[in-house]
Each structure stands twice: as C-alpha cells, then as structure tokens.
Amino acid sequence: KVFKCLQEFLRKTDKKILMFTIYRFLINSIFLLSPLILVFRLLKKKEDIKRFKEKFCFFSKKRSEGKLLWFHGASVGEIQSIIPLVEKLEKNNKIKTILITSNTLSSSKIIQKFKLKKTIHQFFPIDTSYLVKKFLNYWKPSAAFFVDSEIWPNTIYNLDKNNIPIILLNGRITKNSFNKWKKLSYFTNYIFNKINLCFPSSKQSEKYLKKLGVKEIKFIGNLKFSQSENEKPLNNNQIKKFINGKRTWCASSTHNSEELMCGLVHKQLKKKYKNLLTFMIPRHIERTDSIVKELNSINLITHTHEPTKKIPKNTDIYIINSYGKTKSFYNICKNIFLGGSLIKHGGQNPLEATRYGCNILYGPNIDNFKEIYIFLDKLKISKKVRNSHQLSIRLNKLLFKKQSSKKIRYKLKSIGNKILNTTYQQINLFLKNEI
C-alpha cells in the first residue's frame with residue numbers, strides 16, 4: 001500500500017518541481033557539511049582564511065549607491081575571459097559598480113593584477129535558497145552574467161523571481177554535460193528557460209543550449225580570443241639574462257602526473273641539448289612542494305620562482321609557484337605544452353599563449369576547448385601529441401624552428417577585438433532599459 005501511494009504521488013507530482021526539491025535537499029545537505037569541507041580546504045590552503053566567510057554571505061565589501069552589474073565565473077580561466085569586457089563596461093557612467101564572484105582562491109588573486117576602478121570581488125555563496133536570497137537582497141544587481149558553464153538552479157530561480165535579467169556569457173556545454181542535463185529534461189528546461197540571453201562560445205554549444213531550452217541565443221564567437229587593454233607582461237631581466245643561449249620550453253597548466261611526464265621528456269631531450277631549460281607552471285601552485293620532490297626523485301635540479309634569489313646555473317626545471325606570471329613566461333619562451341590534456345581533464349585554454357606568438361603542443365583530452373584547437377591546428381600553430389614520447393619528438397623539431405609568428409599574433413588580436421566589440425554592443429542594447 002505504501003509503495004502504491006508513493007507511485008500515485010510521483011505520478012501526480014510535477015516532475016520539474018520534484019527534481020528541484022531533490023536538488024534543494026542535496027545542496028542543503030552540502031551546506032550542512034560545508035564547515036568540515038572548508039576546514040579541510042583551509043588546511044590545504046585552497047581558501048582565503050580572512051574571506052572564506054563570504055561564501056556564507058558575510059560580505060567584506062559594502063554595496064555602494066547606483067546600478068550594479070554582477071558577473072560570476074568559476075575560476076581563473078572564466079574570470080580572465082571577461083576582464084576585457086569588464087574594462088569596457090567600467091567606462092559606462094551609468095554603471096557605478098561591477099561585482100565579480102568566483103569560487104576559487106586563485107581567481108580572487110588574478111583580479112588583483114588588473115587595474116579595475118569600479119570592480120570588486122567576492123566569493124560566490126553556496127547555492128542554497130536562503131543564502132541566494134540574502135546575497136541578492138544585499139547586492140541588488142541590475143543584471144546577472146554567468147560565465148561559461150556556471151548554472152546554479154537556486155540562484156537562477158531567485159533571479160528570475162526578482163525579475164533580474166540573466167545572461168549566459170561565453171556559454172559552454174560539452175557533449176558529456178549535455179547528455180547529463182538531458183537525462184533531467186523536465187528540470188533542465190525549467191532552469192534553462194529562465195536565461196534571458198545567451199552568447200555561446202561555439203557552434204556546438206549553441207546547438208546544445210537550444211535543445212536544453214535557452215530561448216534567445218546570439219553566436220558571436222569565443223570571448224577568450226579577446227585581450228585586456230592592460231595586458232602587459234612583466235620583464236624579468238634576471239631570467240632573460242639566465243636563458244640567454246639556452247634552449248627553452250614551457251609546460252603550462254600542468255596537473256598531477258603531467259609534471260613527472262614533462263620531467264622525463266626534459267631528461268630525454270637533455271641528451272641532445274645540454275643547455276636545455278624547462279619552465280613549469282602548475283595549474284595549482286599549492287602542489288609545488290610535491291612537484292619538487294617528484295622531480296628531484298628522478299635526479300632533476302629544480303628552482304622555484306623567487307625574483308630576488310639567484311638561479312643555479314645547472315637548473316633543469318624552473319617552477320613558477322605564484323599566480324599571474326604566465327604571460328611573462330609566454331613572452332620569453334615560445335614552445336608551450338598545455339597540460340590537463342595528457343590526463344582526462346579536458347584541456348586548458350591555449351589562446352593566451354598564442355597571443356604571444358607561441359607554438360602550442362597538447363594531448364588528446366581537450367574536449368573543453370575542441371573547437372579552439374581545431375582552429376589553431378588549421379593555422380598550424382598547435383599540434384596534438386598522444387603521449388610523452390610524441391611530446392619529446394615534437395619538441396625536438398620545434399627547438400630548431402623560428403620562435404614566433406607576428407602575423408598569427410596580429411590575426412588573433414584582430415579576431416579577439418571583433419568578438420569583444422560585438423559582444424559589448426549586444427550587451428549594451430540588451431541592458432539599455434536596465435541601466
């Protein structure tokens with residue numbers, strides 16, 4: 001009888017409301033466990049000890065008078081992609097404040113590197129209905145922009161309820177995430193229907209977002225092609241002097257196990273190039289100590305980035321252990337392997353490196369940036385390698401090549417400017433009545 005009653009209840013209950021209720025139960029369960037999770041993350045140095053309370057809506061910044069636009073991106077890549085747009089919006093006198101939220105410590109540090117006058121950063125709250133309401137009541141945004149694939153049901157529901165426009169910026173849906181959303185079709189349409197405007201990052205994402213229920217979609221191009229007006233790499237004369245006469249390459253945005261692979265590639269190449277130097281930029285710098293131990297265990301001499309410390313002449317691997325330095329090393333080292341691609345992670349964005357005229361190598365797992373890599377492959381500035389052995393062979397060829405191409409650099413800048421300006425114009429048209 002109990003089973004039959006349950007069946008009858010499920011038959012009569014609106015499926016989207018039921019799924020939303022289940023989601024709220026799950027997110028509230030995470031909220032109850034969040035103190036334990038945060039303590040663990042604090043011990044791992046993945047949270048700001050002074051500001052982690054922002055995730056519970058204990059804000060460290062005051063809300064000033066006037067219109068406020070809110071942008072949310074998960075981490076470093078998403079935040080960097082919107083900086084050129086934010087710089088343009090800051091020039092609009094009707095906009096008094098731009099709020100950027102993100103989830104990670106690294107992304108909060110990146111924002112500090114840019115000279116933004118109207119923009120403030122806070123950490124994104126846990127997506128419970130209670131915290132979302134508190135967040136919206138405090139900040140009162142005129143419009144909300146979600147970057148990439150940031151879809152938070154409680155936040156979107158409450159924004160819609162308060163008649164605050166929702167824009168999905170550089171929207172990205174992979175085949176895997178599309179298939180997952182599709183399984184929850186009633187719930188998915190209920191959430192995605194509430195998005196007022198979407199600028200997809202690719203044609204594939206445009207197709208998936210239409211099927212998921214987004215009504216108004218405008219494909220302009222991937223905003224990650226654009227570049228900040230203030231993007232100027234720092235010159236480090238000590239490093240420039242040190243690499244003079246050396247063969248160099250850079251393993252960037254590496255993940256666990258990729259550093260060891262790249263270390264073994266260095267050892268292989270050093271048999272031919274005695275003056276070889278490998279730069280290494282881990283995706284997560286808190287792993288630096290373990291990376292050093294791992295590389296030392298295969299008899300490689302490492303040096304961590306400390307501008308005031310002398311670099312030993314026999315250094316094999318130069319590890320960059322601070323955020324915001326990537327551009328500086330792309331500016332001096334033109335052969336780049338991009339990590340998150342030899343392991344099943346989905347790859348990393350190659351556009352930043354290409355803007356500095358770098359040659360790009362990447363592994364087979366690049367689902368997150370597939371269309372970008374196809375475009376760069378056609379321009380013959382990126383090449384796929386399937387394993388560390390192929391990486392070694394390809395690097396061997398690149399070390400003989402001319403280091404960069406100004407033509408490609410200018411072409412990518414032109415593409416980026418066009419996408420940025422068109423996106424900015426479309427947003428201004430959409431927000432005309434809001435600001």
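A residue is called buried under 20% relative accessible area, exposed over 50%, and partly exposed in between (1.4 Å probe, protein chains only). This is a predicted model, in which local features need pLDDT of at least 70, side-chain atom pairs count only at pLDDT 80 or more, and totals for chains, interfaces and linings use all residues. Residues are numbered from 1 along each chain as its sequence is written, and side-chain values use heavy atoms, with hydrogens and water left out.

**The positive patch**

- Lys 175, Lys 182, Lys 207, Lys 211, Lys 370, Lys 384 and Arg 386 together form a positive surface patch (residues with over 30% relative accessible area and no salt bridge, like charges being joined within 9 Å; a salt bridge puts a Lys or Arg side-chain nitrogen within 4 Å of a carboxyl oxygen of Asp or Glu).
- Two or more residues of this patch come from each of helix H7 (175–183) and helix H9 (203–212); helices are DSSP runs of H or I with at least four residues, and strands are E runs of at least two.
- Lys 370 belongs to helix H15 (residues 370–378), and it counts as partly exposed because its relative accessibility is 47%.

**Positive phi outside glycine**

- Lys 45 is not a glycine, yet its phi is positive, near 60°.
- Look for Lys 45 in the loop between helix H2 (15–43) and strand S1 (67–72); its relative accessible area is 65%, so Lys 45 is exposed.
- Asn 170, also not a glycine, has a positive phi of about 55°.
- Strand S5 (residues 166–171) contains Asn 170, which counts as buried because its relative accessibility is 4%.

Terms used
Patch = residues over 30% accessible without salt bridge, like charges linked within 9 Å, V, L, I, M, F, W, Y side chains within 5 Å. Areas by Shrake-Rupley, 256 points an atom, 1.4 Å probe, with all protein chains shown as cover. Lys, Arg positive; Asp, Glu negative; His and termini not counted. Charge placed at Lys NZ, Arg CZ, Asp CG, Glu CD.
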